[in-house]
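Hello,

Here is the structure for you to look through. My notes follow below it.

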Amino acid sequence: MKKIFLFLFTLFFAVHFAAGEQRVSVLTCSPGEEVYSLFGHTGIRYCDSARGVDVVFSYGYFDFDAPGFVWRFVLGETDYMVGGVPYEAFLSEYRARGSQVVEQELLLDDDKKKQLFNALVVNCRVENRTYRYNYFYNNCTTRIRDLVMRTSGAEVPADNGEALTFREAIGALTAEHPWYAFGINLLLGAEVDEPASQEALEFIPGNFMRDLSVSTVALPGGGSKPLVVSEEVVVEGTPVVRERNNLTPFNASLLLLVFTFVVMLCEVRSKRTYWGYDLLLMLLQGLAGLLLLFMALFSQHPAVGCNWLLLLLNPLALLLLPLLVCKIRKHEKPNVAWVQVAFVAAFFLSAIIQLQVYPVPIYFCALALLVRSLFHLYKDNICELTHF
């Protein structure tokens, strides 16, 4: 949880600029361990030695204790704020977190420094400081990027490398956090599998830092000059030693598939049907589908509206569940299982024609649902079971 720490800049900086050395620089902080810090952070520093001012502005403040914060976050209605802290306090926070902080000083004339600073002060006013956060298109990094690039007039050379998708870019940052990565991949739909532009991927602080380092400003007489005067690591990051956790989504889903086969083997040997296992599987399937459907219909988060994973994690499974159990308990052939087979078949077809990129563990879950449904449909051909 982050506490909001805001200065009343509009009062403190209501005087004109005094002569002195002024510096403007961008600070890029490496990712942390909390879910909200997995991508890192960007701040912008203004330093005026003559007035003893050295402050870092940040668009990443939020109040986790605000009423309805979690619910509003789920709906994509999260409001963030811009504020500032003294430079040394900013560094101390990220030093304690173990994050690396890189400072890139910008080559701006005094007029542009004043223009940029005034824009930050205006943003910090009470009536302006809150904005609607969007993790791809309007976050703490894109806000600073837009301000810096607009004020400086700088251009970023085109990157001729292979274009990444949003999912690939996120995957590179969440690789060490498999459960976070799995959850993110479940919620994000087909939109994030389209190749993203170089500018669009600057929502990630590290990408903006990279592009900023090669940005140039056109000279009046022709030619150009680098926007970044110097680049320095002002806080050394502390390597994170993570305990190895074997219970990853991959291992858990593989275990689910193996356990499904074990359950069916036990049913064959005992000549009983453990319908409680179907109850659990389809309940989880349907509840997950309800979450995805809710996000698609009601959330303002980007890229959750068109999620083909709903073909597999279908909320209709909750309606099929009592029918399936009823058929099993009445010793009747559960033909409704064909609907489940259709769900899984549609899911695999969508993967084959590349409608969306799915996390690997989902394929094991799909196979578990498929073999379980086929078992119910053809178990009489395998052996004669006594229903329990």
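Where is the place of Gln-354? Gln-354 sits in the loop between α12 (337-352) and α13 (360-382). Helices (H or I, at least four residues) and strands (E, at least two) are DSSP runs, numbered from the N terminus.

A word on the source. This is a predicted model, where local features need pLDDT of at least 70, side-chain atom pairs count only at pLDDT 80 or more, and totals for chains, interfaces and linings use all residues. Residues are numbered from 1 along each chain as its sequence is written, and side-chain values use heavy atoms, with hydrogens and water left out.

Most residues other than glycine have a negative phi. Gln-354 has a positive phi, near 60°. Ala-303 has a positive phi too, near 70°. Ala-303 lies in the loop between α10 (275-298) and α11 (317-329).

Buried means under 20% relative accessible area, exposed over 50%, partly exposed in between (1.4 Å probe, protein chains only). Gln-354 is exposed, at 69%. Ala-303 is buried, at 4% relative accessibility.

Now the interior. A nonpolar core is a set of buried Ala, Val, Leu, Ile, Met, Phe, Trp, Tyr and Cys residues joined through side-chain atoms within 4.5 Å. The largest one has 46 residues. Phe-136 is among those with the most contacts inside it. α5 gives the largest share, five residues. A second, separate core has 17 residues, including Phe-182 and Tyr-358.

Best wishes
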